[in-house]
Amino acid sequence: MTSPEPAAAHLSVADFYSLIQQENSRVLLLDVRNDQEFNAWRIESRFTPETLHIPYVIFVEEEEAALDQIPAGREIIAVCARGRASDFVAGILRQNGFAALNLAGGMAAWGSYYVFRPVVQESEYQIYQVDRVARGCLSYVLISQGQAAVVDPLRHVAQYTQFLAGHGAALTLVLDSHAHADHISGGPALARAGGAPYYLHPYDAIHPFDLLPAAVEYQPLQDGQQFTVGHLTIHVLHLPGHTLGQVNFLVTEPRQRSYVFTGDAVFLEGFGRPDLGGRGESWLTLAYESIFNKFKATVPADNWILPGHYASFDEASDGGLYLKKAAELWRDNSWLQFSDRDSFVEYTLAHLADIPPQCVEIKRVNTGLLAVDEHQAGELELGRNLCAVS
Ligand SMILES: [Fe+2]
């Protein structure tokens, strides 16, 4: 009988994330997945550690050659897809005198790791930005007077239910800014878990390729609608373009400080791709009207912009938050510098990347037209989001 591996041989993904943020970190990440997996997706963050790629098979077939590539004096964290092959490799490294730990759960755990960062913490209300670091996806939790709303919840709904339980808040509202094409929404499942209504704009409750109505239970969002969460008022602003049913949520509190959850309408850099529904040119014209006319006229310059994604870690503030005042957005976002619609449309159409093939399937999942298990969901969500024209 083999004795169980000591707990110290493994590092949780939360401890790993803390470790790589420390200044003077001596961490060397050793990725032992095969070339294809490594090239498709790897660990990146605002503090990406130096990464060495040596496939597991090299440790099995040519152990000495593999060990020769490992520098001395480093704190080595081994990672693979699920944490089993890397556990074996970390064991070999320790037997050969290296300080090595296994990243528990591997890339699967990294992919489902969420960081909750406070945007504002007043006595009357709190807003948190939830960052799924591996994918660059953002969602938001709003809490006031024991009530909670979640905007654009991501797939791992236990992250939200546990957070709300820890903050003594009851879920009263779940809002999706649009039907997502890059990740599986946690909206319907979170609403069911918390006994709260799930809201989506009805134009996004039709699959853009299949033209079939959504099979998820939802309440319709409409332009001008308002919700209340404790001291907070949420106003709905319909901004078609990225999708036909894209909305923004403008949140005001009693002192009239305002926050805008922009979903994929605009990002801190770039804006939401207009082509993921297959009608890039016509939806791009809608996007121009939505962003350059309606959004610009409606959102005051001093409002905080809180997007649904980021494309680069450089977009983060020193504290790790992805946010900006609206005036800064109009000043800094290079895609918002066009003076007329035709040049915006022409330039954007010339710079659209290929449509990621999984988008169609993910929209099927999000409209309830396709059910997937955990493994299939992980496959659909592999890698970073590609939502922005940027
Ligand atoms: Fe999107």
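Two residues are taken to be in contact if their C-beta atoms, placed from the backbone, lie within 7 Å. On this basis, in the predicted model, Gly 280, Glu 281, Leu 284, Thr 285 and Tyr 288 of helix H9 meet Arg 341, Phe 344, Val 345, Thr 348 and Leu 349 of helix H11. Sorted by class, this contact of H9 with H11 comprises five nonpolar, three polar and two charged residues. Helix H9 spans residues 280–298 and helix H11 spans residues 341–349. The axes of the two helices are 10 Å apart, and the angle at which the helices pack is about 135 degrees. H9 and H11 are therefore oblique to each other, since an angle counts as roughly antiparallel if it is over 145 degrees and as roughly perpendicular if it is from 65 to 115 degrees. The crossing in which H9 passes H11 is right-handed.

Gly 368 follows H12 and has a positive phi, near 80 degrees.

Positive phi values also occur in residues other than glycine, among them Asp 152 and Leu 211. Most residues other than glycine have a negative phi. For Asp 152, phi is near 55 degrees; for Leu 211, phi is about 55 degrees. Asp 152 is placed in the loop between strand E9 (147–151) and helix H7 (158–166). Leu 211, in turn, belongs to the loop between strand E11 (198–200) and strand E12 (219–220). Asp 152 is buried because 26 C-beta neighbours lie inside 10 Å, whereas Leu 211 is exposed because 7 other C-beta atoms lie within 10 Å.

Between these limits a residue counts as partly exposed, and Lys 325 is such a residue because it has 14 other C-beta atoms within 10 Å. Lys 325 lies in strand E19, which consists of residues 324–325. Leaving aside residues up to four places away in sequence, Lys 325 touches Ala 301, Asp 302, Asn 303 and Trp 304. Lys 325 and Asp 302 are 23 residues apart along the chain, and their C-alpha atoms are separated by 5.5 Å.

Phe 47 is likewise partly exposed, because 15 C-beta neighbours lie inside 10 Å. This residue is located in the loop between helix H2 (35–40) and strand E3 (50–53). With residues up to four places away in sequence not counted, Phe 47 touches Ile 20 and Gln 21. The C-alpha atoms of Phe 47 and Asp 15 are separated by 14 Å, the two residues being 32 residues apart along the chain.

At the level of the whole protein, the division is into domain 1 (7–110) and domain 2 (114–389). A distance of 33 Å separates the C-alpha centres of domain 1 and domain 2. Contact between the domains involves six residues of domain 1 and eight residues of domain 2. The side of domain 1 that touches domain 2 has four nonpolar residues, one polar residue and one charged residue.

Key: Residues numbered from 1 in each chain as written. Predicted model: local features only at pLDDT ≥ 70, side-chain atom pairs only at ≥ 80, totals over all residues. Domains from an automatic or database assignment. Nonpolar A, V, L, I, M, F, W, Y, C, P; charged D, E, K, R; others polar. Helix = DSSP H or I, 4+ residues; strand = E, 2+ residues; numbered from the N terminus. Buried ≥ 20, exposed ≤ 12 C-beta atoms within 10 Å, placed from the backbone. Axes fitted to C-alpha atoms, helices over the stretch in contact; angles between N-to-C directions. Parallel < 35°, antiparallel > 145°, perpendicular 65-115°, else oblique. Left-handed = near helix turned anticlockwise from the far one by under 90°.
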